[in-house]
Amino acid sequence: MLILGIESSCDETAAAVVKDGKTVLSDVIASQIDIHRRFGGVVPEIASRNHTLQIAGVVNEALTRANLKLADMDAIAVTCGAGLLGALLVGVSYAKALAYGAKKPLYAVSHIKGHIAANYLAHDITPPYICLLVSGGHSAILKIDDYENFKLLGTTRDDAAGEAFDKTARILGLPYPGGPEIERLAATGKPTITFSRPSVKDKDLDFSFSGLKTAVMNYVENARARNTSMNPADVAASFQKTAVDMLVENTFKAVRRTGLKTVAIAGGVSANAYLRAEAEKVAYEIGARLVYPPLRLCTDNAAMIAAAAYYMSISGVAPAALDLDASASIPL
Ligand code: KG4
Ligand code: ZN
């Protein structure tokens, strides 16, 4: 089954052709990071406008690189949420027009399902398993029962993990997106500063990141106000360690509780080498198998959207009607 995937939920215009949810025949990403960096984050209006400019070329490039035509596709898949509404609308409208014109079924894919499916492209894993989903918009521990049914075991009470990296980077004067910048800076520092970790009392698998961000901000502002020396690399390393400890601890708490032996990490933050290494250590200790996508498939891409649509189709999910709308938020 050949699926053309389209993704435009944030600042990447992407299209990909994937065979049977497994083989990536092409994977084109037009990133707008350089455009948004000067504003310190994604500007929704500018993102939508650039998706409009890029989408036709990106989709054509994906078909050309796969050496296939639209007529060869068995289905079209598009991210319908969650994300920036105006940005999503560009992909959804374009995909609907393609599906209508070429008389192809259209799959409406949740961005979250897409991130989860990124691991199916790279690894032979089958549900059930535990997935730590960490991106700019979400932080969740999910029990993946099958390709369609997920149970939310823990989630963030405030900021998403990626958002915490981005905000901390901003405090330290680092450019957008902050995750890779914090990771790079942290590699040159030591986690010498203790930032208090908020405990979420009633639901111990939940996370809270906004307190950590505030702790970093207070530390940096105090140092600046008192004119005392502060090593930004140590701040980055200490923040990263605290955030990753929270993620890893809760994920493996869920693993122990469910007795499952496979753990996946997905979403943009799964690109973080420190998170991967810390999770590897615990997985090894308890004899669990840990998987995460290759770097290119961690952050937003369309191959994961096409893969997710394949698993929707084999699970019996009906294609979307042509009145499909985009949605800024989608329940996990
Ligand atoms: O999945 P993604 O590309 O977009 C969303 O769905 O949100 O995730 C983007 C997020 C950003 O917050 C970015 O800072 C973070 O993932 N990120 C990282 C790393 N690479 C991207 N966070 C920590 N370490 C990284 N290496
Ligand atoms: Zn994403």
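Tutor: The answer below begins with a strand, passes to a helix residue and ends with the domains.

The model is predicted, so to speak of local features a pLDDT of at least 70 is needed, side-chain atom pairs count only at pLDDT 80 or more, and totals for chains, interfaces and linings use all residues. Residues are numbered from 1 along each chain as its sequence is written, chains are lettered from A and ligands numbered from 1 in the order in which they are written, and side-chain values use heavy atoms, with hydrogens and water left out.

Strand β4 spans residues 75-81, and seven of its seven residues are buried. Buried here means under 20% relative accessible area, with exposed over 50% and partly exposed in between, for a 1.4 Å probe and protein chains only. Helices (H or I, at least four residues) and strands (E, at least two) are DSSP runs, numbered from the N terminus.

Strand β4 pairs with β1 (residues 2-7) in the parallel sense over four bridges; two strands pair if DSSP finds at least two bridges between them. In this pairing, Ile6 has Val78 of β4 as its bridge partner. Strand β4 also runs parallel to β5 (residues 106-110), to which five bridges join it. There, Gly81 is bridged to Ser110 of β5. Together with helix α3 (residues 85-102), β4 and β5 make a right-handed β-α-β unit, that is, with the strands pointing away from the viewer, the path from the first strand over the helix to the second runs clockwise.

Ala309 belongs to helix α11 (residues 303-314). Ala309 counts as buried because its relative accessibility is 0%. Leaving aside residues up to four places away in sequence, Ala309 touches Ile3, Ala77, Tyr107 and Val109, where contact means heavy atoms within 4.5 Å.

The domain assignment, which is automatic or from a database, gives domain 1 (2-116 + 298-314) and domain 2 (127-295). Their C-alpha centres lie 27 Å apart, and 15 residues of domain 1 are in contact with 23 residues of domain 2. Between the two domains an area of about 1600 Å² is buried, 68% of it from carbon and sulfur atoms. His115, Ile116 and Cys298 supply 40% of the area that domain 1 buries against domain 2, more than any other three residues. Buried area is the accessible area (1.4 Å probe) that two parts lose on being put together, summed over both. One salt bridge is counted between the domains, a side-chain nitrogen of Lys or Arg lying within 4 Å of a carboxyl oxygen of Asp or Glu.
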